[in-house]
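Let's take a friendly walk through this model together.

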Protein chains: 2
Amino acid sequence: MSTIEQVALLAKVSVATVSRVVNNSAYVSETTRDRVEQAIKKLNYQPNALGKLLRKETTSMVLVLLHSVDNPFFATIVQGIEKVAHENDYNVLICNTYGDTEREQHYLKMLRNHLVDGVVFISNTCTSDEVNYLNATFPVVQVVEYLTDIDAAHYSIDFYQAGRDLMDILYKNGHRSIGFIHTGSTEIVSSKEKFRAYKDYMKERRLPLITNYPDECLFGYANAKKIAGDLLDKHPKTTAFFATSDLLACGVIDELNCRGKSVPKDAMVVGFDNTSYAYVGKPNITSVELNSFQLGAMAMEYLMSKIKNKPVAHNNKCLIPYQIIERESTKKGQ
Amino acid sequence: MSTIEQVALLAKVSVATVSRVVNNSAYVSETTRDRVEQAIKKLNYQPNALGKLLRKETTSMVLVLLHSVDNPFFATIVQGIEKVAHENDYNVLICNTYGDTEREQHYLKMLRNHLVDGVVFISNTCTSDEVNYLNATFPVVQVVEYLTDIDAAHYSIDFYQAGRDLMDILYKNGHRSIGFIHTGSTEIVSSKEKFRAYKDYMKERRLPLITNYPDECLFGYANAKKIAGDLLDKHPKTTAFFATSDLLACGVIDELNCRGKSVPKDAMVVGFDNTSYAYVGKPNITSVELNSFQLGAMAMEYLMSKIKNKPVAHNNKCLIPYQIIERESTKKGQ
DNA sequence: ACGGGCGATGTAATCGATTACATTCTAAAG
DNA sequence: CTTTAGAATGTAATCGATTACATCGCCCGT
């Protein structure tokens, strides 16, 4: 790799002039410019970003921290983030933390070291104090998942109300024995709020809770299937399930099918997030559309304002409208 | 943010001594070390990585370039990459290129600028020359998708043979009118090889091709459904489909269902990649397991060897065994 | 008492850029 | 013919670290 000095030497000019040519930052005569550009081409010179970043304060890059990209739901948020980032000539680096604080700290070091200009938390594992501290010093925003008791901005939806809306659908279809199925972390706001909605809804109607929550299990389809089986063993009369994601709902439906029960005739099921899992199978699944692309875009807009020190366009603790998408899994008379 | 100089000032030592304390790199007396550590704590000093990187040659970070994380199949590869990376105290930055060369170049600049130590291409859009050039200068590896005519290493499977194996299943189940359905890029090796397998297999048996290939369409479920519909309109007697991914297979099955045909009784369908789409729906889908976690891990092992200048453990143009997973979508008598 | 060895620390060059300031040159204005 | 504005370029400080080399004590052996 060649340096600016080598180019300067070859073109018989000073490094300052080369820098001016590269950055188009001041008067350079035609002939000199030509000579420098020739030298650049000849040496295949690429400016070293480190030298540049050491002087400049911006990197045109932001970090996105999430649990793991294996959840297709996150991909949509990232797309929203990227759309706005690209409009602002920013690039996005995605990092899986797998809920590991140490790993997260490793990536956050990039923020502290000015290797990136800001960070979007899709889910985070660090403490409120930590986020507060970061937020005081750097551009930070939370999207979808968030810590409530802190200063940092967040863009999300009202998971509690959405949960109640789903419960309403099941209840109004006549169901009284409703199970709640969750796998994965219980430490995130979405899990807590969905469960609170379920619990409140059932308690208000003096109905018994049928759930594994808050027992943590590994993520995924197979676990949901197993839990559904366990609950059905204990409570055979359960006729409806609130699964906290679409993939889990698929597992529940599979278990019901295995027991000779068909959805929605013998039991109804709802999911969450309106991912492709909600519509690729039969029956397709009633779910909640979070408008996650929009959420990602809004969060990134906020972050860009922070980075560029411009006034923030919208409220920085924002819950946007969601939509309940009713599908076959809760349709009567099928 | 405080600098090493401020710490040195407060601790009444030189920057060299502070650096020694921070890096534990040479003799420092107990008392001096204490004083420096106190100063570090007091100022909440965090070494600026840029200064460091400018001198040192490694960053402990690698780049992963892919089309977009919205394909859950990629997530498994990334997990394999990350497993090996973490074992070597390396961190992984994931970047969506959306098949955009310019964006890809932006990220590759990080490699050229020594902001990362190496790059894993899961899919790439740049030319063979470009990859060759990068490969000559930096640690580079390709996984799953790859360019054939270049020096860079790759880890993948034999898509051609896997495609023929799938065709065999359909053929041996008596099918003669077999459609081939693909959406997304036709420029990648997996697409080309799958189609070549289909084409060869059919031609060898003097059967007519039934396909949209190589017409490019947008990704996804809805397009696959539409193409299946088109093919069925033109060739109503088609009784089997080779879809190039599991998600597409879901779309095909949905279209068949919409036309009152049931899978596998009236038509058989195969997918590819053995993603969760292959087993969450009914019927679940015969697919090909690539062992993508292992592929990711192997690629990263190669890259680590390159980065650390150690001999490479396994052949660097490697096609590992795959498995055909037969499921309901190709089971006779159901 | 003197020199050797080494522990402890400081000085300053260096990495590759940017950029304020200085300098030189040219051409138009007076 | 001088003056002078401003175009064109160079010089050198700077960003924040690392590290080779220099230096300074101090203890120990003879």
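## Charges over rings

Arg176(B) sits over the face of Tyr171(B), 3.6 Å from the ring centre. In chain A, Arg205(A) lies over the face of Tyr201(A), also at 3.6 Å from the ring centre. A charge counts as sitting over a ring if NZ of Lys or CZ of Arg is within 6 Å of the ring centre and within 35 degrees of the ring normal.

## About the model

This is a predicted model, in which local features need pLDDT of at least 70 and side-chain atom pairs count only at pLDDT 80 or more, while totals for chains, interfaces and linings use all residues. Residues are numbered from 1 along each chain as its sequence is written, chains are lettered from A and ligands numbered from 1 in the order in which they are written, and side-chain values use heavy atoms, with hydrogens and water left out.

## Around DNA strand C

Let's turn to the DNA. DNA strand C is surrounded by 27 residues, where a residue is near a strand if one of its heavy atoms lies within 4 Å of it. The closest are Ile4(A), Asn48(A), Arg20(B), Thr32(B) and Arg55(B). By class, this surface has 10 nonpolar, 10 polar and seven charged residues. Here Ala, Val, Leu, Ile, Met, Phe, Trp, Tyr, Cys and Pro count as nonpolar, Asp, Glu, Lys and Arg as charged, and the others, Gly among them, as polar. Helices H2 (15-23) and H4 (49-55) of chain A, and helices H2 (15-23) and H4 (49-55) of chain B, each supply at least two residues of the surface. Helices (H or I, at least four residues) and strands (E, at least two) are DSSP runs, numbered from the N terminus.

Of the atoms of DNA strand C within 4 Å of the protein, 60% belong to sugar or phosphate and the rest to bases. A polar side-chain atom of Asn23(A) lies 2.9 Å from a phosphate oxygen of DNA strand C.

## Around DNA strand D

DNA strand D has 28 residues around it, of which Arg20(A), Thr32(A), Arg55(A), Ile4(B) and Asn48(B) come nearest. They divide into 11 nonpolar, 10 polar and seven charged. Of the atoms of DNA strand D within 4 Å of the protein, 60% belong to sugar or phosphate and the rest to bases.

A phosphate oxygen of DNA strand D lies 2.7 Å from a polar backbone atom of Ser14(A). In chain B, a side-chain N or O atom is 2.5 Å from a phosphate oxygen of DNA strand D for Ser19(B) and 3.0 Å for Tyr45(B). H2 and H4 of chain A, together with H2 and H4 of chain B, are the elements giving two or more residues to this surface.

## Sheet and aromatic pair in chain B

Four strands of chain B form an open sheet in the order E7-E6-E8-E9, with parallel pairing. E7 and strand E9 (268-270) stand at the edges with a single partner strand each, so one side of each is left without a neighbour in the sheet. Two strands pair if DSSP finds at least two bridges between them. Four bridges join E6(B) to strand E8 (residues 240-243), with Gly179(B) opposite Phe241(B). Two bridges join E6(B) to E7(B), where Phe180(B) stands opposite Thr211(B).

From E6(B), Ile178(B) and Phe180(B) point one way and Gly179(B) and Ile181(B) the other, and all are buried (under 20% relative accessible area; exposed is over 50%, partly exposed in between; 1.4 Å probe, protein chains only).

Over all chains there are 23 aromatic pairs, meaning rings of Phe, Tyr and Trp (its six-membered ring) with centres within 6.5 Å; planes under 30 degrees apart count as stacked, over 60 as edge-to-face and the rest as tilted. One of them is the edge-to-face pair of Phe180(B) and Tyr213(B), 5.7 Å centre to centre with 85° between the planes. Phe180(B) lies in strand E6 (residues 178-181) and Tyr213(B) in the loop between strand E7 (210-211) and helix H10 (221-234), so the pair ties together parts that are 33 residues apart in sequence.

Key:
A polar contact is a pair of N or O atoms within 3.5 Å; within protein, one must be able to donate a hydrogen and the other to accept it, and residues adjacent in sequence count only if both atoms are side-chain atoms.
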